[in-house]
Amino acid sequence: MTNLHELSLKQLRTGLDNKEFSSKELTEHSLARIASHQELNAFINVTPEIALAAADVADQKIKNKDVKSLTGIPLAIKDLILTKGIKTTCASKFLENFVAPYNATVIEKLLAEDAVIVGKTNLDEFAMGSSNENSAFGPVKNPWNHTKVPGGSSGGSAAVIAAGLVRATLGTDTGGSIRQPCSFCSITGIKPTYGRVSRYGVTAYASSLDQVGPMAGNVEDLAVMLNALCGKDPLDATSVSLKTPDFTKNLGQDLKGLRVGMPKEYFIDGIQAEVRSAVENAVKQLESLGATVVPVSLPNTEHAVPTYYIIAPAEASSNLGRFDGIRFGNRATGCETLEDLYCESRSQGFGIEVKRRIMMGTYVLSSGYYDAYYLKAQKVRRLVKNDFDKVFAKDCDVIASPVTPTTAFDLNSRVSDPIQMYLNDIFTIPVNLAGLPALSVPCGFDQNNLPIGLHLIGKAWDEETLLKTAFAYEQSTEWSKKNCYK
Amino acid sequence: MAMNLSKEEVLKIIFLARLSTKEENLDQMINDFNNVLNYVDALSKVNVDNIEPLAHVHESYNIYREDVCGNGLTTEEALLNTSDRSGSFIRVPLIIEGES
């Protein structure tokens, strides 16, 4: 049973259903690997008792042939997502001891599929960051190279898959927080169309951009996870009432007739040469599989990052207003006035990047600056979305690009320069501004053996074409088979 | 358009954001704030004549439902995470002047 961690979700399903191993054995294996990989710092909280109890229930169900898609399979959850009875810290000192009294809808959905939750993964505090270094519980190490960042903000959720601790996880993506760590860790992850997945119980960072999505070791696993997560939720007014297709259905179809757009604004100077060539080779591979490649232009790409760093902090400053230290979270002692209590509780509890974004958001929403910054950014946001609308209306079905300009960077190399850190998300942020689905799939390695991801962006609600394209690519190359399991 | 905000101006924002003006790294925070502000100011050059603002990617509309009772948190659950409670209340510093 030493290689259980190398099996895909599909193989695990077969193995569990054929009684080749039990959920208890699988869960114990996962917990043992988690325990022997603590140096990654990828988990904030591991929950062996809860996991083993769930595994026992799953084994009973398997025995009774009462099996759902994830029955008995260990998963880990980004610690931004509320789990009843299990601490949810958001990687913030403010919520160090917070235990949610209810589950997020996505957790209810995973539990309805009888998944086994083994713990909560590390992240950038409140999902604000691109390196997982903004965590009150310390940075996560990249399993491919422990001197490198795993990406962020869903860095823990990516690292635990890359290290072979669990097969699939939940992440969240506001500006690239699923796709960028997937690219840095050589796994797959999808940000669904805005509104596809409920955000109820997911700690809000920037509500008009946030979306939950799955992360996994391969595209088929990703589709299985996505099937479990989607659907209208009466508890989230922004979730959309659309029938959820079976995302595994089109996997294996050929790519004949598929038009792949290559935006010139995403292949700019400053991209690491190996990243550029890996992505160009991946596009050639799509061409050899039957796709047609067309050059496209998204002229407002350069405005996306500054637009994001107005809109996201504005929404964050409003969302994080609820952290007042009174009903939950850190409460400062010795404060005589309510105002002091608010200010001190927040100042003690929040890290530097969170403070930075709350301040920026407060400023751009403040009287006298609202029009110049926030309203202006909302208008530029429409320009960014119009660019995508135009090319998807007439030129192409998917867009291919790098996920990030470089491979994983050194720990501590960018923390003191927020703008350099922000620019890391230059290719992922436009997608959130436009609310589109996009995924990352492994497409190579640089000379230092650091992973490179192919970014595929789709039309709204067309995750199926994205997954079909990524699956065809993955099956025709060896990149996803390479691992760094120890 | 942007210029650096003075320390006093940034302190005002810190207060509006309900953070502490007694921060340890105040100078660094002010410096970072001004750098980011100058960076996002690139948008001032973008022409947005006749462009409507986009607050949300999907059409938003009101959602109505019947006013019926549902399950919510119990008082105990709602008070589970507060650190200063008194019975079924949360204790806070004095808000309204007068007899306490």
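Predicted model: local features only at pLDDT ≥ 70, side-chain atom pairs only at ≥ 80, totals over all residues.
Residues are numbered from 1 along each chain as its sequence is written, and chains are lettered from A in the order in which they are written. Local features need pLDDT of at least 70, side-chain atom pairs count only at pLDDT 80 or more, and totals for chains, interfaces and linings use all residues.

**Interface.** Chain A gives 51 residues to the contact and chain B gives 40 residues. Two residues are in contact if their C-beta atoms, placed from the backbone, lie within 7 Å. Five helices are listed below; each gives two or more residues to the side of chain A that touches chain B. Helices are DSSP runs (H or I, at least four residues), strands are runs of E (at least two), and both are numbered from the N terminus.

| Element of chain A | Residues |
|---|---|
| α9 | 304-319 |
| α10 | 338-349 |
| α11 | 352-365 |
| α12 | 370-394 |
| α13 | 418-423 |

The largest share, 10 residues, comes from α12(A).

**Sheet.** In chain A, 11 strands form an open, mixed sheet ordered β1-β3-β2-β4-β6-β5-β10-β11-β9-β7-β8. Strands pair if DSSP finds at least two bridges between them. β1 (43-46) and β8 (292-296) of chain A are the edges; each has a single partner strand, so one side of each lacks a neighbour in the sheet.

Inside the order, β4 (residues 168-172) and β6 (residues 212-216) of chain A pair antiparallel over 5 bridges. There, Leu170(A) faces Pro214(A) of β6(A).
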